[in-house]
Amino acid sequence: MVSKRANGLAASETLKITALAKEMKRAGKSVISLSAGEPDFKTPDYICDAAVKAIRDGHHGYTMNTGTPELREAIAAKLKRDNELVYTPEQIIVSNGAKQSVGFTLLATVDKGDEVIIPAPYWVSYPEMVKLAEGTPVVVKTAFEHQYKLTPEQLEAAITPKTKVLILCSPSNPTGSCYSKEELKALAAVLLKHPQIYVISDEIYEYIVFDDKHVSIGQAEPAIIPQLLLINGFSKGFAMTGWRLGYLAGPLDVVKAVSKIQSQETSAPSTISQMAGEVAYKESLDAVWAMRDSFKERRDFVVAALNEIPGVNCFNPGGAFYVFPEISTYLGSKTPSGQVIATSTDLVMYLLENYGIATVPGDAFGEPGGIRLSYAIAMNDLKDAVVRLREGLLSLQN
Ligand SMILES: Cc1ncc(COP(=O)(O)O)c(C=O)c1O
């Protein structure tokens, strides 16, 4: 007899596919998993050393609810160094991962019936988090031709008197797209006409950007800063997904509201992770750039290889470690045994069960014409995966 709130939530499609792939592997089948949302690296040694030291030095207790002053100072210094943004440590609250930062920020800003604009394809958790906050997700479909990026015209058209928040994610999960400075400036120009609307800018993939430098919307248009709720964390850039460390930087009243929610729900994240995070931001980023370069090599390979498969279209994404190829020509096709592939979920299940590759259907991200592949795996596996994908797709008949 679970609550309506829990019943109304979708289970994470990514986790479902990953679980099935693991089950198949346990049963002895050869499965290449392109479904995980995490780097295939270990956390750099100097960060691990800082955590070990924190344990040995006896930092075993709670910290302040908003995070240690030292970490929040290090985050403020990082925002200045990397993003030209000026925040005081009081405007920053550290949480158990950027996921919690997004969730608590929505709880702190959205009232029942408030609308939250979410460009699709979107990260799976955004609409569900909005529903948990009793808000209404307003999903805006974006175009493949624009690398699935929201245009100012689309934003303007989606705004109503009930709009409270826009969620932007750059670099994007699931598409890897990055908004340019000009694109962000144009979106900010629309938001500036509606000062009651916040923009949650999820920049968790900031350090995995290949061709240009990452730009935050606050950097592209400083006038937006009073409306900006900037979210970032350590999971992706530093390969620290298991350490659970993220943060919000924003106007003091929102940070205080998030702090109240956090104080009742979880308190601050692990003290040890916080002390490690401080070192991550203070030391050189050389290890981060080495991981980025390795992702770039794999992106270059996978985009070229995917575009050689008939009926697959994949643009060159500027960041993260995902590609989101367009595969809609295969929808409506038939498998050799006559089963119809009606949806991207059918396609993903067919590829997993018959060709041993785990991907994630675009359905899960609100864009049925694509599938998401994470290329955070060894190059040899990636090469093998593309061969299997090609064979799987070419086995289908229109
Ligand atoms: C877009 C996006 N935001 C936030 C997160 C959550 O990151 P964290 O591990 O810091 O909670 C993820 C993780 O997959 C993500 O893809």
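**Group meeting: a walk through the model**

Hi everyone, let's begin at the ligand. There are 13 residues around it, and the ones that come nearest are G97, A98, K99, N173 and S235. Before I go on, please keep in mind that this is a predicted model. What kinds of residues make up the shell around the ligand? By class, we have 7 polar, 4 nonpolar and 2 charged residues.

The model has an open sheet of 7 strands, and if you walk across it the order reads 2-8-7-6-5-3-4, with mixed pairing. Which strands stand at the edges? Those are strand 2, residues 92-95, and strand 4, residues 136-141. Each of these two has a single partner strand, so one side of each is left without a neighbour in the sheet. Ignoring direction, neighbouring strands in this sheet are turned by 20° against each other on average.

Let me pick out one pair from that order. Strand 5, residues 163-169, and strand 6, residues 198-202, pair in the parallel sense, and 5 bridges connect them.

Strand 9 is joined to strand 14, residues 371-374, by 2 bridges, and the two run antiparallel. Here you can look for Y322, which stands opposite S374 in strand 14.

On to the helices. Two packed helices are described by the angle between their axes and the distance between the axes.

Pair one is helix 5, residues 98-109, with helix 10, residues 252-265. Their axes come within 9 Å and cross at roughly 110°. Angles of 65 to 115 degrees count as roughly perpendicular, and helix 5 and helix 10 are therefore roughly perpendicular to each other. The crossing of helix 5 and helix 10 is right-handed. Which residues make the contact? From helix 5 we have F104, T105, L107, A108 and T109, and from helix 10 we have V254, A257, V258, I261 and Q262. Sorted by class, the contact of helix 5 with helix 10 has 7 nonpolar and 3 polar residues, with no charged ones.

Pair two is helix 3, residues 45-56, with helix 11, residues 271-282. Here the axes come within 8 Å and cross at roughly 140°, and that makes helix 3 oblique to helix 11. The crossing of helix 3 and helix 11 is right-handed. On the helix 3 side you will find Y46, I47, A50, A51, A54 and I55, meeting T271, I272, M275, A276, V279 and A280 in helix 11. That contact of helix 3 with helix 11 counts 11 nonpolar residues, 1 polar and no charged.

Helix 12 brings R298, F301, V302, A305 and L306 to the contact, while helix 14 brings M379, L382 and V386. In this contact of helix 12 with helix 14 there are 7 nonpolar residues, no polar ones and 1 charged.

How values were computed
Residues numbered from 1 in each chain as written. Predicted model: local features only at pLDDT ≥ 70, side-chain atom pairs only at ≥ 80, totals over all residues. Near = placed C-beta within 6 Å. Nonpolar A, V, L, I, M, F, W, Y, C, P; charged D, E, K, R; others polar. Axes fitted to C-alpha atoms, helices over the stretch in contact; angles between N-to-C directions. Helix = DSSP H or I, 4+ residues; strand = E, 2+ residues; numbered from the N terminus. Parallel < 35°, antiparallel > 145°, perpendicular 65-115°, else oblique. Left-handed = near helix turned anticlockwise from the far one by under 90°. Contact = placed C-beta atoms within 7 Å. Pairing = 2+ DSSP bridges.
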